[in-house]
Amino acid sequence: MNRRQWLQSAGLLVAGCASSSIAFALPADSSRPQRRLVVVFLRGAVDGLNVVVPYGESEYYQARPNIAVARPGQPDGVLDLDGHFGLHPALAPLMPLWASQRMAFVQASGSPDTTRSHFDAQDYMESGTPGVKNTASGWMNRLLGALGRDHGGSPLRAVSVGPTLPRIVAGPARVATIASGAAAARPTVLDNPRLAQAFGQMYQGDDPLSRSVHDAEGERHAIMTDLSADPGTDEREMRAANNGAAGANGFPGDAERLATLMRRDPSVQLAFMAVGGWDTHANEGHGQGQLAQRLKPLGQGLAALIDGMGPAADETVILVMSEFGRTVRENGNRGTDHGHGNVMWLLGNPVAGGKVYGAWPGLSTQALYEGRDLAVTTDFRSVIGCVLERHVGLPDASLDTVLPAAPAPFSGKLLRA
Amino acid sequence: MEGNAGAPKADGVALRHGPGRPHPVRRVLVALVCAGALVPVVGFSGAVAASADDHDPALVAHVVNRLAFGPRPGDLERVEKEGVDAYIDEQLHPERIPLSPELTDQLAQLRLANSTPADLIVQFRELQKNVKAEGQAGKDERREWVQDYVTQSATARLAQAVDSPRQLEEVMVDFWFNHFNVFAGKGLDRVLVADYERTVIRPYALGRFRDLLGASAHHAAMLFYLDNWLSAAPGYQPPGGRGNGAVNGLNENYARELMELHTLGVDGGYTQKDVTELARILTGWTIAPPRRATSPSGFYFDDKRHDWGTKNWLNYTVAPRGEAEGEWALDVLARHPATAHHISYELAQYFVSDHPPEALVARMAQRFTETDGDIRAVLKVLFSSREFRDPANQGTKFKTPYQYVVSALRATGTPVVNVRPILGVLNQMGEPLYGCVTPDGYANTQDAWLNPDAMTRRLNVATALASGRLPAGRPPATEAGGDAMAAGAARARPALFAARPIPVDDLLDTLGDSIGASTLKALASADPPLRSAMVLGSPDFMHR
């Protein structure tokens with residue numbers, strides 16, 4: 001049933017409804033578990049053409065003599081998806097999701113803005129306003145705002161994994177941060193009442209630092225309650241940190257912790273994780289190699305996230321995206337350069353999976369953007385808009401504030417509901 | 001701005017003016033200033049601030065917090081005496097400031113960190129061969145060697161950041177390393193960063209921008225990090241078919257970031273075509289094959305890789321001239337008005353405000369252009385500006401994790417003996433040393449670094465350091481540094497490893513006017529053993 005029908009059946013399109021305030025954007029229905037969204041951002045422009053591989057196109061193999069992933073059935077070949085596209089073999093842990101129709105892809109999706117600067121493109125995808133640089137907030141923060149007042153004020157309604165608050169969650173609505181790595185669950189000074197009180201004395205104002213400290217106290221309490229302390233090892237953590245603030249190797253651990261948090265805490269509704277290291281300008285590899293080595297922990301982590309979150313999986317959509325794709329043709333260093341169109345991934349029980357969506361423009365030279373990149377036929381905001389409208393249940397007016405001036409939500413099925 | 005005569009007293013008198021700092025001297029200075037005994041120098045444009053405040057404790061604290069990583073014990077007192085103008089001038093000329101014999105000795109012993117890239121590459125490749133020949137033993141040997149190098153290069157950076165009297169130079173090393181970032185986690189770069197810092201960043205940190213740019217473009221660390229070492233004209237074949245597993249063809253990565261991040265800026269007015277053409281210009285800028293280095297930095301111009309065609313870049317027609325094409329391109333970029341603006345903006349953001357005033361940036365850019373990129377001259381404009389000295393811009397920059405940790409070590413007078421705990425802390429706070437994966441380097445704005453988890457981590461560090469449980473000032477218990485062994489050693493030699501808590505009076509004396517009335521009030525009513533941690537965890541100390 002669509003949102004309009006559901007609202008009608010809940011009796012909330014009728015004015016003068018007997019229940020208390022209708023100030024919430026979402027109708028208050030405590031019997032209905034809240035719909036959750038996890039966004040995983042692959043920073044550095046992952047090579048989508050080597051992830052959801054158009055093995056049915058001869059141009060793919062002509063353009064990538066050294067880094068094309070082999071056809072299904074061949075050594076290190078793709079895992080067939082639908083007779084035309086195949087999945088990179090390092091993502092094998094995700095195939096059960098495809099088989100049970102809980103994973104879908106939107107091919108040739110991306111931004112209408114054509115910048116090939118990582119930093120600008122990530123900025124646009126996180127602010128949700130491609131081409132516009134002065135948007136202060138990220139779209140996930142606006143989404144949080146549109147979800148209405150917290151019931152009971154949970155500090156963990158939106159959670160971001162990692163030491164810094166990225167653009168996508170920046171804004172007035174409050175977002176909790178969880179450390180990357182085992183440190184997430186270790187006790188801190190704020191768990192010591194004497195110290196918490198002493199520090200708290202200095203952070204009682206309404207300034208950003210005071211708010212952060214105050215939020216930290218609330219979040220620490222919630223996190224320590226939700227996560228059992230994981231001894232972990234310093235070494236693993238430091239290696240992950242040394243490979244970059246958010247390397248793929250740290251992802252499975254972070255995904256497991258997020259899954260635990262979501263399983264134990266029904267108030268966690270939005271989550272964000274970023275994984276870096278996808279900028280394969282040289283020696284990208286094919287079924288094996290650099291890209292494969294990064295895809296492996298990514299796939300493991302995504303599978304662990306769904307498996308680990310328990311019943312919450314019924315209500316959670318995981319959206320994987322990257323700022324742009326990479327050149328169709330390999331470059332002189334057996335790698336790829338910055339491109340345009342990419343593929344978006346959707347995982348989770350609410351997804352109408354087992355299908356590759358999107359209008360596939362093909363890889364013939366005349367179909368390429370500037371003769372070098374996969375074209376974009378679906379705006380990334382259409383995909384997000386569809387998920388927000390039909391999965392999260394956002395009304396149209398709110399959708400406009402979250403994604404201003406965006407094109408219409410994706411019209412393909414994409415979601416079961 | 002804290003009134004100087006109104007230095008917070010109340011209950012805080014006993015706390016503030018403990019042993020060490022003569023209270024009356026300060027009052028005398030204040031009286032002198034008020035009596036106009038010091039001649040103010042008034043700027044013509046009004047953009048330069050009067051020096052009548054030259055000895056004002058609040059301004060002194062501000063200047064030391066920005067030009068240095070905050071004060072060490074005794075610093076504020078010294079600068080109050082000499083005045084900020086003299087201090088700024090001194091710091092702008094680090095070559096005139098001698099290092100202490102202890103620091104000089106410490107740096108001289110870092111043998112690996114002092115080796116040239118050419119030598120290190122040879123050694124590293126030998127170790128790689130041993131791995132193949134000797135399996136696990138070879139792996140262990142290589143890991144130990146790399147670990148030694150990592151420890152030494154981190155010590156070189158942190159010992160100077162904390163202990164060097166050439167503080168502005170250290171601050172500029174932080175600034176420029178981020179601007180010309182290389183990531184130590186990428187292969188060969190792990191063993192190249194120390195030399196990169198020592199031969200590219202340090203020597204030119206206050207010099208001519210073009211020299212800094214050129215040094216960076218020639219260093220193996222940068223050539224490797226942004227893949228230019230692999231870049232070659234179409235049809236290039238590595239000699240003897242040997243290669244290194246990678247095929248070598250045109251690579252745009254460095255050319256793009258050279259324009260987008262190092263010089264013009266993302267809106268600097270270049271196109272995708274310009275990126276490709278610049279990449280063609282820079283083909284051949286590569287790393288010397290083993291034992292064939294023509295320069296200690298590891299640079300080698302390979303004319304066989306070079307694209308000898310004509311290029312069309314930024315509306316220039318570029319005739320083929322080999323390495324000289326690249327040198328000329330760097331000249332063009334260094335002289336470009338967009339570069340002057342971009343660099344000035346970044347400097348103003350680092351030193352004045354997250355949202356730097358455009359008028360200041362414009363004046364700095366003009367100076368940059370006038371002086372052909374003289375960084376010292378541009379900084380002079382910055383430090384004498386009204387915007388820099390504006391009270392509204394004092395104590396308002398949220399410290400990065402690096403700035404926080406270094407300033408905390410300085411404020412507590414902790415020497416850098418064991419870098420491991422410092423590196424661990426920086427990792428946890430999300431700013432691993434030499435660990436920024438992306439070429440844009442670490443940001444220095446509040447938006448980038450402030451969040452609830454970040455505050456929690458800083459309070460952890462404040463508490464550990466204040467109670468003496470962050471053993472940066474003591475030698476590591478064992479090579480492995482395991483807690484159990486440290487505990488054992490501590491039992492055996494308690495005097496050496498005893499936790500040494502920091503006395504709050506000393507800390508407050510050191511920090512002077514950096515710590516304001518509101519925090520002092522909170523201290524006064526707090527449990528005495530917690531006070532040092534509270535100072536290091538105060539909102540005042542979170543800012544610079």
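In which loop of chain A does A:E370 lie? Select A:E370 and look to either side: this residue sits in the loop between β11 (355–357) and β12 (378–379) of chain A. Strands here are DSSP runs of E with at least two residues, helices are runs of H or I with at least four, and both are numbered from the N terminus. A:E370 is not a glycine, yet its phi is positive, about 50 degrees.

A short note before moving on. This is a predicted model, in which local features need pLDDT of at least 70, side-chain atom pairs count only at pLDDT 80 or more, and totals for chains, interfaces and linings use all residues. Residues are numbered from 1 along each chain as its sequence is written, chains are lettered from A and ligands numbered from 1 in the order written, and side-chain values use heavy atoms, with hydrogens and water left out.

Next, select B:D372, in the loop between α16 (358–370) and α17 (375–383) of chain B. Its phi is also positive, near 55 degrees, in a residue other than glycine. B:D372 is partly exposed, with a relative accessible area of 40% (between buried, under 20%, and exposed, over 50%, using a 1.4 Å probe and protein chains only).

Last stop: show helix α19 (residues 401–411) and helix α22 (residues 452–466) of chain B, whose axes come within 11 Å and cross at roughly 15 degrees. That makes α19(B) roughly parallel to α22(B) (angles under 35 degrees count as such). Color the contact residues (heavy atoms within 4.5 Å): B:P401, B:Y404, B:A408 and B:L409 of α19(B), with B:R458, B:V461, B:A462 and B:L465 of α22(B).

Methods. Axes are lines fitted to C-alpha atoms, for helices over the stretch in contact, and angles run from 0 to 180 degrees between N-to-C directions. Angles under 35 degrees count as roughly parallel, over 145 as roughly antiparallel, 65 to 115 as roughly perpendicular and the rest as oblique.
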